[in-house]
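Work through the exercises below with the sequence and the model side by side. Try each task before reading its solution.

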Amino acid sequence: MRDVREAWARATARIVKWRQVPEVVQAVRSTAAATIAYVVALRLSPEPAPLTAPLTALLVVQVTLYATITNSVRRVNSVVTGVIIAIGFSVLVGLTWWSLALIILASLAVGHVVRVSEYVPEVAISAMLVLGVTQVGSTAWARVLETVIGAVVGLATNLFFAPPVWVSTAGESIEDLARRMRQLMLRVGEQASGRVPAALATVRLFEARRLDHDIVEVDAALRQAEDSLKLNPRVREGLLHRIVLRTGLDTLEICTVVLRVIARTLADLAKARDPEPLFEPETGATLERLLSEIADAVVSFAVLVTTDVSRSAESAEGRLAEQLATAGATRDKLAQLLLENVQRDAQYWHLQGAVLTEVNRILDELDTEHRTRRLLEELDRGAREQRERNPLLARMREKMLRPGLSRLRTFPRGRNRPGPPGRS
């Protein structure tokens with residue numbers, strides 16, 4: 001009996017894991033939407049094989065609710081526009097090579113005017129298919145009906161197969177990026193202390209440059225998470241969560257750039273001092289300890305900004321404050337040692353001083369007060385843009401967002417941070 005329970009638990013865990021994979025979720029939801037759309041269209045459309053309905057459902061059902069709604073509107077808009085163009089051409093001319101070329105050109109031009117985005121070719125396709133049939137009127141409106149059916153079914157699919165909130169995936173990506181940054185900082189610190197050959201400085205520089213590709217991947221995961229929060233009735237304070245994650249990633253991106261500059265500075269210093277060590281023993285050991293403390297702070301910062309997922313804001317905040325205080329004391333010691341070194345030998349003061357400047361930049365970016373100011377600025381900017389676009393909707397959102405803003409303004413106390421958004 002115990003073996004059966006364990007097997008059931010493992011199977012359940014695998015199902016939950018697969019349910020978080022975007023490709024699996026998308027395949028299940030798209031298949032269900034297309035099948036339902038075809039069944040409905042068989043009953044309502046005069047066409048014997050209304051394949052436009054399942055095709056539309058496949059195109060409009062996206063990984064997030066926001067993307068599904070926007071694709072539905074664009075798809076219906078493109079088909080209706082193409083049908084109207086075809087009806088107009090059918091009244092004036094028949095189907096010839098020159099009329100076909102003219103309708104394609106007109107459809108593509110009008111598609112850009114009506115802003116259907118990636119569905120611009122669909123305007124021309126709809127116009128061509130309708131123009132090429134004998135009974136233009138019946139075929140045209142049948143195509144519109146099937147498109148509407150597919151779009152409606154695609155939207156209704158979200159009621160039965162609710163799109164996940166991808167905040168968890170984005171949070172894991174951000175934390176994983178922070179841990180890779182930590183590992184690189186530790187290796188750079190070992191190099192600075194002379195524990196590894198200075199010749200590896202160029203290798204560390206290449207590793208720092210590769211972090212740029214990691215930033216791109218994390219940004220893609222974050223954009224998906226942002227879309228999953230838009231127009232999602234299960235999520236409160238969606239704007240607040242989007243800004244918290246986005247500003248957190250922006251901070252890590254700045255730290256990545258500064259880390260790359262540190263690696264470049266040490267590589268230049270290694271070439272200039274070869275075969276001597278980069279720093280004197282005590283200075284190198286202090287710099288290694290400082291980079292190790294900053295590396296731990298980077299991970300704590302990532303956990304803090306993804307607190308909506310990890311639910312460990314208070315402990316992460318305490319760790320971050322302690323680590324930044326410790327790193328600040330070590331930074332002061334490093335500054336004193338570098339000053340003494342420069343007084344003895346000022347030949348490489350510009351490179352050694354650059355390392356201290358770059359370390360200060362990372363500490364400043366990780367500072368909680370700096371982050372609070374950044375969050376409030378972004379929230380004010382986002383609210384201002386929303387008021388300009390839609391004043392009525394903005395007032396409604398501000399009323400919903402006000403509790404979160406009041407908690408955010410008391411940040412960095414962990415108990416006052418906003419709670420987690422909805423999960424799936």
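**Exercise 1. Find the residues that line the largest cavity, then sort them by element and class.**

Solution. 
- Step 1. List the lining. Thr247, Thr251, His370, Arg371, Arg374 and Leu375 line the largest cavity of this predicted model. On a 1 Å grid over the protein atoms alone, a cavity is a set of points where a 1.4 Å probe fits but cannot get out, and lining residues have an atom within 4 Å of a point.
- Step 2. Assign elements. H10 and helix H15 (368-389) each give at least two residues to this lining. H15 supplies the largest share, four residues. Helices (H or I, at least four residues) and strands (E, at least two) are DSSP runs, numbered from the N terminus.
- Step 3. Sort by class. One lining residue is nonpolar, three are polar and two are charged. Here Ala, Val, Leu, Ile, Met, Phe, Trp, Tyr, Cys and Pro count as nonpolar, Asp, Glu, Lys and Arg as charged, and the others, Gly among them, as polar.
- Step 4. Give the volume. The largest cavity has about 30 Å³. The structure holds one cavity of 30 Å³ or more. Grid points are joined across faces, edges and corners, and the volume is the space filled by probe spheres set on the points.

Ground rules for what follows. Residues are numbered from 1 along each chain as its sequence is written, and side-chain values use heavy atoms, with hydrogens and water left out. This is a predicted model: local features need pLDDT of at least 70, side-chain atom pairs count only at pLDDT 80 or more, and totals for chains, interfaces and linings use all residues.

**Exercise 2. Describe the protein chain as a whole: its secondary structure, its burial and its confidence.**

Solution. 
- Step 1. Count elements. The chain has 16 helices and zero strands.
- Step 2. Check burial. Of its 424 residues, 47% count as buried. Buried means under 20% relative accessible area, exposed over 50%, partly exposed in between (1.4 Å probe, protein chains only).
- Step 3. Check contact range. Among contacts between residues at least 6 apart in sequence, 78% join residues at least 24 apart. Contact means heavy atoms within 4.5 Å.
- Step 4. Read the confidence. The mean pLDDT is 76, and 72% of residues reach 70 or more. Residues 404-424 have pLDDT below 50, yet this stretch has 57 contacts in the model beyond near neighbours in sequence. pLDDT is the predictor's confidence in each residue, from 0 to 100. Where pLDDT is low, the predicted coordinates should not be read in detail.

**Exercise 3. Which residues of the largest nonpolar core touch the most other members, and which elements build this core?**

Solution. 
- Step 1. The core has 58 residues, and Phe279 and Ile294 touch the most other members. A nonpolar core is a set of buried Ala, Val, Leu, Ile, Met, Phe, Trp, Tyr and Cys residues joined through side-chain atoms within 4.5 Å.
- Step 2. Name the elements. Two or more residues come from each of helix H8 (167-192), helix H9 (201-229), helix H10 (238-273), helix H11 (281-305), helix H13 (313-344) and helix H14 (349-366).
- Step 3. Look for another core. Apart from this one lies a core of 13 residues, including Tyr119, Val123, Val130 and Val144.
- Step 4. Beyond four places in sequence, Ile294 touches Met185, Ala327, Val359, Ile362, Leu363 and Leu366.
- Step 5. Move to Ile362. Ile362 lies in helix H14. Its relative accessible area is 1%, so Ile362 is buried. Its contacts beyond four places in sequence are Met185, Cys255, Val258, Leu259, Ile262 and Ile294.

Conventions
On a 1 Å grid over the protein atoms alone, a cavity is a set of points where a 1.4 Å probe fits but cannot get out, and a pocket is an open set with protein on both sides within 12 Å along at least five of seven lines; lining residues have an atom within 4 Å of a point.
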